[in-house]
Amino acid sequence: MTWERLLSRRRYPEQPQLHVVSDAAPVRGAFVADYDRVVFSSAFRRLQRKTQVMPMPETDFVHTRLTHSLETACVGRSLGRMSGRLLMEQDEELAQQLPYFDADCGDIVAAACLAHDIGNPPFGHSGEDAISSYFRSPAAEPFVRVLSPAQRADLQNFEGNAAGFRVLTHTYAAHSSGSAGLGLTYAVLGAFTKYPRPSVVEDHDKTGGVSEKKYGHFQTEAERFRHVAHDLGLLPKSDEAGFYHRHPLAFLVEAADDLCYRIIDFEDGLKLGLIPHHEGLELLRDMLADDPSRPRSVEWRDWREELGYVRARLIGKLVAEAAQLFAQHAPAMLRGEYDASLIKELSCWHELQQVALLSVERLYRSRPVLQIEAAGFEVLGGLLDAFLHSIFDPAASPRSRKLLDLIPPQFRAVGPQLGLSAYEQIILLTDYVGSLTDQNALGLYRTIKGIDLPKGF
């Protein structure tokens, strides 16, 4: 792979390559424009009411998917720029060929980080499990039995990353005759795709790499992803269609996400009182590993303020270390010979594992989280089941016809979308259910079950 192709400014689906026509850096480059397009999208805005740690939080300081995505983008920008600058210092030819390489890397990674959770359904990762569980259940058998093995795998192992790629590249026929989604550059779409493979891959083609543990596109976007991969020059991993080595900058997107959710979710657990703050702060201080002789500029009177200070310095330290690791492994990434997690090579990986263990035990498995996530299985499964019956047997009852009318037109086969296959209709419905916020999903479920009625207009 070559950096010149990997940093393609062409926009999906097909627009001419944009070139810098002067020695001065553009005021607003293509990758900054990508960042802005994500910010102004309705799918990104809905993340403000989707679960990060605590479903439907009642306090202001707990992170949502929106604040997590913004913070991950900040970390990703720093990672990208530091890594790019290190590579330029190591390779004079690269610095001459791509004089804005460090800034471009930072902007690409920031935009991809901003969008990295844009396809996540309600109730966080539990929502993915809820959708998968429904499509594996006997209730869904009448709808999935006619699908191909790959199509069933898309639904029975539902993946927010694949849903995100669809959000970024798909335009609904009921909205427009176009098909560009947000019209992002190929470089950002490549960096966004942490798992460049379909849902079904032959076992003998797998290598056990980190980029293979999930999948990155549905069958509906298979040809679209192959087009992006070809434009970027991604190396195929096997003869399997749609199975590629990662865009190198995807390793930085993954590292930014890993650092943010591990450390900042942990911070939320301390502030919620689910993890003892003395224990948590001590662990973070150990990771920071300050020299005991280092002078202290202030005396902390509030542990929450010290927590913010330690967290900020710790992330800064780990970003610098991860950038060094990326620069070290970048040549192997370009050859398709590196497929591991950067954070596992950090000097404090053992402590990060302790942080993760405490978060799982005290935060992710706390009673309020488990109760709401359990309810999410009922909510999402109930919505899918009710609406699938209305789509595939709308004349069965007046209730089915009314439910069908509740689905927005872009999410059902009406008008220009008539004639869609069963798989495409089911994917449209999962688009709808996945796009709902936690509160929207719960409210819609309660309404169609007759538990609550609308309060008026």
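Tutor: Start with a term: two residues are in contact when heavy atoms lie within 4.5 Å. The model is predicted, so local features need pLDDT of at least 70, side-chain atom pairs count only at pLDDT 80 or more, and totals for chains, interfaces and linings use all residues. Residues are numbered from 1 along each chain as its sequence is written, and side-chain values use heavy atoms, with hydrogens and water left out.

Thr 193 sits in the loop between H11 and H12. Helices here are DSSP runs (H or I, at least four residues; strands are E, at least two), numbered from the N terminus. Is Thr 193 buried or exposed? Its relative accessible area is 4%, so Thr 193 is buried. The scale is this: buried is under 20% relative accessible area, exposed is over 50%, and partly exposed is in between (1.4 Å probe, protein chains only).

What does Thr 193 touch, leaving aside neighbours within four places in sequence? The list is Phe 165, Phe 225, Arg 246 and Ala 250. Two of these lead further.

An α-helix has 3.6 residues a turn, so residues three or four places apart point the same way. After H12 comes Gly 233, with a positive phi near 75°.

Now take Arg 246. It lies over the face of Phe 251, at 4.8 Å from the ring centre. The cut-off for a charge over a ring is NZ of Lys or CZ of Arg within 6 Å of the ring centre and within 35 degrees of the ring normal. Arg 77 does likewise elsewhere: its charged end sits over the ring of Tyr 35, 5.3 Å from the centre.

An aromatic cluster is made by Phe 158, Tyr 215 and Phe 218. Rings of Phe, Tyr and Trp (its six-membered ring) pair if their centres lie within 6.5 Å; planes under 30 degrees apart are stacked, over 60 edge-to-face, and the rest tilted. The structure has eleven such pairs. In one of them, Phe 158 and Phe 218 have ring centres 5.8 Å apart and planes at 35°, so the pair is tilted. Why does this pair tie together parts 60 residues apart in sequence? Phe 158 is in the loop between helix H9 (149–156) and helix H10 (160–169), while Phe 218 is in the loop between helix H11 (186–192) and helix H12 (222–232). Phe 158 counts as buried because its relative accessibility is 5%. Phe 218, at 1%, counts as buried too.

Trp 300 is partly exposed at 30% relative accessibility. Tyr 309 is partly exposed at 31%.

Next, the packing beyond this part. A nonpolar core is a set of buried Ala, Val, Leu, Ile, Met, Phe, Trp, Tyr and Cys residues joined through side-chain atoms within 4.5 Å. The largest core has 90 residues, and those with the most contacts inside it are Trp 3, Leu 79, Phe 101, Leu 249, Phe 326 and Leu 342. Helix H15 (residues 303–334) gives the most to this core, 16 residues. Outside four places in sequence, Phe 326 touches residues including Trp 3, Pro 248, Leu 249 and Leu 252. A second, separate core has 40 residues, among them Ala 140, Ala 163, Phe 387 and Tyr 445.

Last, the setting. The protein chain has 20 helices and zero strands. Its radius of gyration (over C-alpha atoms) is 23 Å, close to the 23 Å that the globule rule gives for 457 residues, so the chain is as compact as a globular protein of that length. That rule is 2.2 Å times the number of residues to the power 0.38. Buried residues make up 54% of the 457. Of contacts between residues at least 6 apart in sequence, 74% join residues at least 24 apart.
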